[in-house]
Amino acid sequence: MGDDIQVRQLPAQLALTVRRRVKMNELAASMAEAFRTLMQHAATTGAQFVGPPFTLYPEMPAEWVTFVVCMPVAPGAVAGDGVKLEELPAVEAATLLYKGPYDAMEPTWRHLVEWVGASDRQPGGPMREVYLNDPATVLPEELLTELVAPLA
């Protein structure tokens with residue numbers, strides 16, 4: 001499984017973002033609401049998406065979790081009520097592709113984090129989940145998520 005981990009450079013990314021802090025058991029519903037907020041904002045303002053959506057986790061989840069949902073956008077997008085426009089910096093990261101339901105990816109995350117710990121590198125920023133297909137159009141077993149661990 002370690003052979004599936006790739007280290008690569010991720011470019012800087014302009015994104016519309018919504019940040020939340022919730023109890024872990026409220027994560028799925030709160031994340032869905034945050035993505036709806038971003039989609040409504042983009043529809044209202046004409047923002048153009050330029051890549052798959054993703055979520056940043058600034059700290060390791062516990063009883064409470066902070067997350068930032070992000071929609072990559074083209075220049076010209078604007079912030080709004082509860083929505084920020086941020087330039088996320090380029091990072092070098094260890095990445096791993098996960099296939100399956102969102103609520104079962106914890107062992108794959110653990111594998112990636114253990115790989116980083118065993119390497120000569122240190123964590124270097126918020127972990128990311130990049131959502132490569134749409135849960136509204138594919139079965140949970142077919143969901144593809146790129147797990148991203150930035151490196152220092």
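I call a residue buried when its relative accessible area is under 20%, exposed when over 50%, and partly exposed in between (1.4 Å probe, protein chains only).

Ground rules next. I am working on a predicted model, where local features need pLDDT of at least 70 and side-chain atom pairs count only at pLDDT 80 or more, while totals for chains, interfaces and linings use all residues. Residues are numbered from 1 along each chain as its sequence is written, and side-chain values use heavy atoms, with hydrogens and water left out.

Aromatic rings. I paired rings of Phe, Tyr and Trp (its six-membered ring) if their centres lie within 6.5 Å, with planes under 30 degrees apart as stacked, over 60 as edge-to-face and the rest as tilted. That gave me 2 aromatic pairs. Phe 35 and Tyr 131 are edge-to-face, because their centres are 6.1 Å apart and their planes stand at 80°. Phe 35 sits in helix α1 (residues 27-45) and Tyr 131 in strand β7 (residues 127-131), so this pair ties together parts 96 residues apart in sequence. For helices (H or I, at least four residues) and strands (E, at least two) I took DSSP runs, numbered from the N terminus. I found both Phe 35 and Tyr 131 buried.

Tyr 102 and Tyr 131 are edge-to-face too, with ring centres 5.5 Å apart and planes at 70°. Tyr 102 is in the loop between β6 (91-99) and α2 (106-118), so its pairing with Tyr 131 in strand β7 bridges 29 residues of sequence. I have Tyr 102 as partly exposed at 31%, and Tyr 131 as buried at 7%. Ring pairs link Phe 35, Tyr 102 and Tyr 131 into a cluster.
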